[in-house]
Every structure is written in structure tokens, then in C-alpha cells.
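Subject: Structure for you to look at

Dear colleague,

I am handing over the structure below, and I would be glad if you kept it open while you read the notes that follow.

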Number of protein chains: 2
Amino acid sequence: MTTKVDALGRIKAIVGERGWVADSAALEPYLAETRGLFRGAAAVVVRPGSTEEAARVVRACADAGVAMVPQGGNTGLSGGAVSPAGSVIISLARLNRIRDVDPLTYTMTVEAGCILADLQAAATQHDRLFPLSLAAEGSCQIGGNLATNAGGTAVLRYGNARDLVLGLEVVLPDGQVWDGLRRLRKDNTGYDLKNLFMGSEGTLGLITAAVLKLFPRPLDSATALVAVRDVYAAAELLARARGETGDAVSTFELMNRTCLDMVLKHVPGTVDPLAERHAQYVLIQLTTPRTDAGLTSALEDCLARAAEAGIVRDAAIAQSDAQAKAFWRLREAVSDVQKYEGGSIKHDVAVPISRISEFIDHATRRVEAELPGIRVCAFGHVGDGNVHFNLSQPIGMDTPAYLAQWGRFNQIVHDIAADMDGSFSAEHGIGRLKLGEMMHYKSPVELELMRTLKRALDPRNLMNPGKVVPFGGETMHH
Amino acid sequence: MTTKVDALGRIKAIVGERGWVADSAALEPYLAETRGLFRGAAAVVVRPGSTEEAARVVRACADAGVAMVPQGGNTGLSGGAVSPAGSVIISLARLNRIRDVDPLTYTMTVEAGCILADLQAAATQHDRLFPLSLAAEGSCQIGGNLATNAGGTAVLRYGNARDLVLGLEVVLPDGQVWDGLRRLRKDNTGYDLKNLFMGSEGTLGLITAAVLKLFPRPLDSATALVAVRDVYAAAELLARARGETGDAVSTFELMNRTCLDMVLKHVPGTVDPLAERHAQYVLIQLTTPRTDAGLTSALEDCLARAAEAGIVRDAAIAQSDAQAKAFWRLREAVSDVQKYEGGSIKHDVAVPISRISEFIDHATRRVEAELPGIRVCAFGHVGDGNVHFNLSQPIGMDTPAYLAQWGRFNQIVHDIAADMDGSFSAEHGIGRLKLGEMMHYKSPVELELMRTLKRALDPRNLMNPGKVVPFGGETMHH
């Protein structure tokens, strides 16, 4: 056992000047938190240059009892990379090599610090697709994506981060390295260690590298903006489209008229592609690596049949890439434009797809009754049952007064989701932000299982302490 | 703490006469092991009629320190359901209800004792596909399939059992029930407990129910038997076919001429669909839920391009369902016919797809050098990198003398796979059979992680003791 002061000296010797950040201006980006809800308090960021260095850093911290906060691109939305006072941030940014691309096996072996967009580009260079895609892809790092089991826009077709990984390399809380970097599609030899570390948000170990699954690169696509009868009709359309298009649906995003109106109002150059106003819209995109699959006609036929069945009210099928991009822009802008409409209380809920309609109807009635004039901006990855049920403040209301009710609205919405066997965090994870919800909504049995795992793998609670797994005392209202 | 005798009385009171099997004739099917390599020694089989009964049985066993062996259809190939003396077998056969089918969410909630083939049929009735498919599907139970992370013929397209489950209900070793039966495509709330229990072969808990993923039902298919230049060409053909057919490849099975010759010799009515003899064959099947996808022409075009590139030597595309079935019969018979050719030493190996060719070439040279006349019958799910590298005895050799070398050949073959970052058990699991391999091939770090998990979740080692995780003293040669 060494003292904390000794440990810092030892760590600095391991990583050298290049891997040591202690200047307050340089520290700033590591301490800031995306939404400004938290602020990190670490005095040092360590940037190891190799897995071996990372392992030695972890061992030094473990020896001295220093808490460690693994950090990727620091783009998370739940405060999972926020550093407590006295902890050391371990940034994986310098571990940014692509170790191997194996097009025949459809795999790519990469280090944790690789930027997601760079990996997408590397896959494309080898005529392959790495499908993970999300708003932060230009700056988030794959290690963080895997540690948080990131979702994004392609989950419906390709799964979330857990589904995109064949193997991992992890530094354990005591500094040992688990080399699980296997490129195998099948390997039935014992417990699934890989999935234990993914989604654990750095609380069980430090992911240093991974074998990613690749897919055939899409060469054809068809995109439509569809007005559906109601939210239930959106779920019906998805179920039909999966079959009728040969399971080629890669995106299926819902947004309501409130969302679309906000986009049309605030984003110059956007237009409503449909002649009339409708209550609910779906952005649907089909993709395939075949060049002769007749995707557009399959989509047209599917939508025509759905219109006959009363599911679809109107639809615009993109006639060009530019038009498809314009449809996408409407959807992508939704996340951004809410800020121009005052305070927004956000939710990242999932329910079974067959119950999304019931969820949105019920939750809308409840929040409108609670605060007349509140504006429901419900959108998201409905193909995964994932709804961002966001609530813009009533027009003219005092914003801080509105935002002070964040916890109350969270509880209303999460209670309704929980009653439908839903989730209060579909893709954003737990971090620090949702520890109270963990305590409130998870069963005692499930919480105790998670605590058992944490205690077993990190008995001294040094790996990203205070995240993901509540040990009591957490409150739900932040 | 109660005594073991008390515990049996207590358990009998919980399940009643219907759930109690102690008669030696009735016990027999629970004690026998598929390949006759082991024999169970339990004196009692308990058949709970509900999750609650199962939980009470487990609690009674835990209270008295009685070891429990969960058992499904008892069709496993690695001795995972073999009961040690003094243990109680817990059969899930009576937990056989389909609790819910939700076509819109593409899910089905089922109890552990449901027969796999019945679940396939139930999905079909709802115009959906449950893709798990393997030789034992007429008698294996889904709980066993999930506990062993079963593979089968559709892994390439749909993944193995782990990929087909959204939620689980599990009785923990102390008798508590974890209700994780969620129908959510996205739920990022803490550690992945589900994947911990899947593939743990009943050593961490007793799976009582699961939410299964469904898929659109295939409505069109195209099948071909293809002679490829060599094994590397098979991997090349797969990589191309995934792209050129719109990722519609659902089966891609390799077999060499030795396998085909055995089938043609022993199975009446089988014929070689191709005019000439070739060294390596691939059975490829495309499927899609679209009815107008032009699958046969996509397959023809793909094979024609591959022939131009020198990858494909010849191919027969099935012109009818009957012909497709005949091609399938050739492949399916391979597993069976080896027994007519004397002793067969079997392997269930996986390597990265890009290295299958190197693996088969190298392993073939090694075993032929070791025992001239040995016949390599290499076949399997090459689309997953999974090769059943089976070795038929030299013609005329004494069978027991040949089979006495099982361990030696295992080690030769597994060493070569390990050198290629491969797996010594791609889909059959560990059970009792491969504990020695676990000790030999797994890194100390990985073994210790697994032991840590086992100790944390089952500290008294009562759940299927002596399986999956070696605690020392195991030998590799059975």
C-alpha cells in the first residue's frame, strides 16, 4: 500500500509528461459535463499510451486506494464520467489505433480511444459498415460507447453496442488485463464476461480495446416521411414493413406535430413535405447492400397497402438523396430546437413496442392535467420502443420555475413507463443522474444482484465509484 | 439449516406426487447422457409446476445444503446435466406454458420447459419466425437452450441463443426469484444480468422463463449446393454473398468430400447433385420475408460472379422445394453417418472465419501425420467460423484402440485452434466434458473472473456443482 501522494508520482512516472494533465485550463474539458448538471473534481487526468501503461496506472491507483474515473469523449448524458474529488480521470484518448481490419470475418479490432466517426470511415474504406451511429459520433470514443452500451439510430436493424462486439480487452480494478479480444462468432466457453463490462459504465473495469462486428455496406436505400393515423398505427406500420421489405428497415423514427412545428419554426430552409397537417409522423429508411433489390418499389407497395388499411394517412417518398437528407434533417433537428422553446424536461423511456401508443396517450394526459399548456415533444427510436418523451414549458412560463419541477415530471413519466414494464433509461444509461431511479424502480433482488457483482469485481469500490449501482442513500430528484 | 432427509420431505410436500420422481425406471431418462460418456447419480428428480414451486424447491435445497442440477430435455453434448451423487435434479418440463405472444413487439414470453419445436410452431402461427434450430429441437427445452447458449444452423443470420432473448426469469441459488422478463429492445439500466445466466449451464441459477425475440417469417428462399475451389474460397464466397444477396444468407454450411462420400454410401436415395467430384462443398441458403425479392436470381448472379473469380467450381441451384430438401438432407446426414465408419473423434471448434482454411489445412496435416489413414470429416457452420473437425478411424483399425486416443487428438486439434485465437467449444458448451480444456486453454485471469462470479452468486456451490468453471484438479483427457 502506497500513499496517495506517492501514487501520483508513480503514475506520472508511468505515463510521462505526454500522459499527464494537471493544468487547470487543460483539465477543463474533462471536468465539464454535457448538460451542465454536474462538474468533475479530479485534479489530474492520466492519458496512458498503451494497454500496458493503462494497466500499470490502474495498479498504482489500486495500491494506493485512489478512485479512478474512466473517460472517453466525455459526451455522456447521465454524468457517468463525472469525477469525484480525490479521484484520477483515466482518459483513453491516446489509445486510438485500429489494430486490425478483417473484412472476410467482418470484424475490426480497435482501441478504446478511437473516435466513432473514424471507425465508421475505416469500415467504409474496407467496403464494410460499422452501424453504430449517434449524435456525438464526431467526438465520442468507442470505449465510452461500449462502456455505456450506446444506442443511436440503427439499433432497430443492428442492435445496440452490446450486439456489435465480439471481444474485449479490459483492465480489471486490480490492474490485471483480461484479454478477451476474440474474433469468434461462436465461443461457448464459460460465462459471458464481455457483456458484464459493456454497459457497466466503467464501474467494473477499464475497456482498452474491442473486436467490433462489421456488416455489408448498404448500397441502396429508400426513405419516406410518413403521416400515420396515430401512434399505434406507427407500431403496426413497423411490424408490416419489417416483413414486406425483407427486414430492410434500418430506421423508424417517430415525431409528433409539436416537434415538427418547432423544427419548421426554428431551422431555416426546412419545409413540411406533406400538404396537410397530421398529428404523428414516421421517418422510415430502408437500406440494403444489394443494388438490385427494388427497395423504393417495396417501400411504395408497403405504404400503399398500409394506406388501404387505414394505417397511413399520407407519405412522401424521397426522390433524391437531397430529399432524403432533407427528411432526415427534420428528424435530427428535433433534439436541438427544443432549447429555443424555453425549458425542456427530458425523458429517455422505453416500453414494449405494442404499448408505445398507450404510453404516449396516458403520459400526455397526465402531464397536461398536471400543468396546462405544457407541450409534449414526443419523438425517438420507436422501432426500439424508445421514446424521448420531452416536455417543453408552457409558453410564457418562467423557465427556472418550470425546470424546478424536473423531478416531479420524471417521476410521473417513469411511473407510467414502469407500470408498462418499461425502462426509465432506454439508451442513456445511469451514471450519477439516474441512481435515484435505480433505487426506486429496480426490484430489491435485481439491485442486490448488481451490488453483488460490483462487490465481487471491485471489492474496494475504486472503479468509477458512485455510478450505476446505488448502495443506498440516493434520492431520485436531482 | 435442515438436514438432507428433512429437505427431501419438504420438497416432496412442495411439488406433490406429480412433481416427484424416485422410481428407478422413471429416473432412467434423467440419468442417461446422450453420448454415454457419463451417468447421473441423483436419487430424485423434482418437477415443479410453477416458478413459485421451483423457487420453494431451490430454497429448501439451499437450506439443507443439497446440490441441484437443473435439467431441460437432457440433450446436451457436454454432460452439463449430469447429476452427482446426493444431488437433486430439478426438471423444468412441467413449466411449459407460452405466457404471451406479442407479434407487434416481435416477442414471445415462454416458460423454460417448452419444447423448442413447439415454440417454432407457435411463432409460425402468429406469422413470425423463432429462428433457433438444432438437431434436438423435437425434444430439447428452451430453458436448456438458453442455459447452454445453444447455437444451431441459423446463428449466421440470427445469432445464438444469447442474441435471441430480451428478458429472463431466474431462480437464484438461494431461492429468490429475479424477474427480468422485459420485452424491451433497449433498456440501459445497469449490469447485463441476462447474459450472465445464459450460457452458465445452470451453475448460477435456474432459468424458469424468457422473453424471446421473433422475426419476420421467411416467405421465399433459394438453396444451392456449391463446389468451391477450397476452404478459403468458401470464406470468400460467404463474404461476397452477404453483400450481394442483401445479407439474406441464413445458412452457409461446409462439408468436404469425405463427408459427402459417407452420406452417399450409407443413406439410401441420396445422390451427388454435381457431375464431378470436388474437394469442398458449401450448402448455401438465402431466405427473406419478401415475396418479390428475386432471391434465386440474386443467388445465381452471385455464384456466376464467384465462378468468374475462380472461387466457385460448380453449383446446383435447387429448382424445387424437394430438391432443396435433398440438398439439406446431404448436410444433415453428415452428423449421423460417421458412426457407420467406426470410431469418430469429434471436435466443436471455432476460429475467425478468415482463418478456417488455415485451420483445416494445418490440423489435417497434423492428424494425418499422427495416424496415417485417419479420415478428416470436416463440416459445419462455417458462416460462424464453427467447424466440426471430426476424425473417423482408419479403415480396419480396432475401434476401441482408436477411441482411446480421443484426448490426444483433442489436444492436437484444440492447440491449433487456440494458436489461431479459436475456441475449443464453439456451441456445445463446457458441462463436465470440457473442464480440463477450460483449465488448459483459458488464461488465469479469465478463469479467476469466472470463479469470482461463481463464488459471488453461488457461494455454497449448490447450483450444478462441478460444471463449467474449473476449481482445480480437472484433467483434460476424459
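A residue is called buried when its relative accessible area is under 20%, and exposed when that area is over 50%. Please keep in mind throughout that this is a predicted model.

In helix 2 of chain A, which covers residues 24-31, the buried residues are A:Leu27, A:Tyr30 and A:Leu31. Viewed down the helix axis, these buried residues fall within an arc of 90°, so they line one face of helix 2 of chain A. As background, an α-helix has 3.6 residues a turn, so residues three or four places apart point the same way. On the other side of helix 2 of chain A you will find A:Ala25 and A:Pro29, which are exposed. What do the buried residues of helix 2 of chain A pack against? Their partners are strand 1 (20-21), strand 2 (44-46), strand 3 (68-71) and strand 4 (88-91) of chain A. At the start of this helix, a side-chain oxygen of A:Asp23 comes to within 3.2 Å of the backbone nitrogen of A:Ala25.

Turning to chain A as a whole, it contains 16 helices and 19 strands, and 62% of its 478 residues count as buried. For a chain of 478 residues, a compact globule would have a radius of gyration near 23 Å, and the 23 Å of chain A agrees with that. The C-alpha trace of chain A spans about 70 × 55 × 45 Å along its principal axes. Among the contacts in chain A with a separation of 6 or more, 73% are between residues 24 or more positions apart.

The largest nonpolar core holds 203 residues, of which A:Phe359, A:Phe389, B:Phe359 and B:Phe389 touch the most other members. Leaving aside residues up to four places away in sequence, A:Phe359 touches several residues, including A:Val349, A:Val351, A:Phe389 and A:Met420. In soluble globular proteins, nonpolar side chains tend to be buried together.

Finally, is B:Asn149 buried or exposed? Its relative accessibility is 3%, and therefore B:Asn149 counts as buried. B:Asn149 sits in the loop between helix 5 (142-147) and helix 6 (155-158) of chain B. Again leaving aside residues up to four places away in sequence, B:Asn149 touches A:Asn188 as well as B:Asn160, B:Ala161, B:Arg162, B:Gly199 and B:Glu427.

With best wishes

Terms used
Residues numbered from 1 in each chain as written. Chains lettered and ligands numbered in written order. Predicted model: local features only at pLDDT ≥ 70, side-chain atom pairs only at ≥ 80, totals over all residues. Heavy atoms only, no water. Core = buried A, V, L, I, M, F, W, Y, C linked by side-chain atoms within 4.5 Å. Buried < 20%, exposed > 50% of the residue type's maximum accessible area, 1.4 Å probe, protein only. Contact = heavy atoms within 4.5 Å. Helix = DSSP H or I, 4+ residues; strand = E, 2+ residues; numbered from the N terminus. Arc of directions from axis to C-beta. Polar contact = N/O pair within 3.5 Å; in protein donor to acceptor, adjacent residues only side chain to side chain. Rg over C-alpha atoms; globule rule 2.2 N^0.38 Å.
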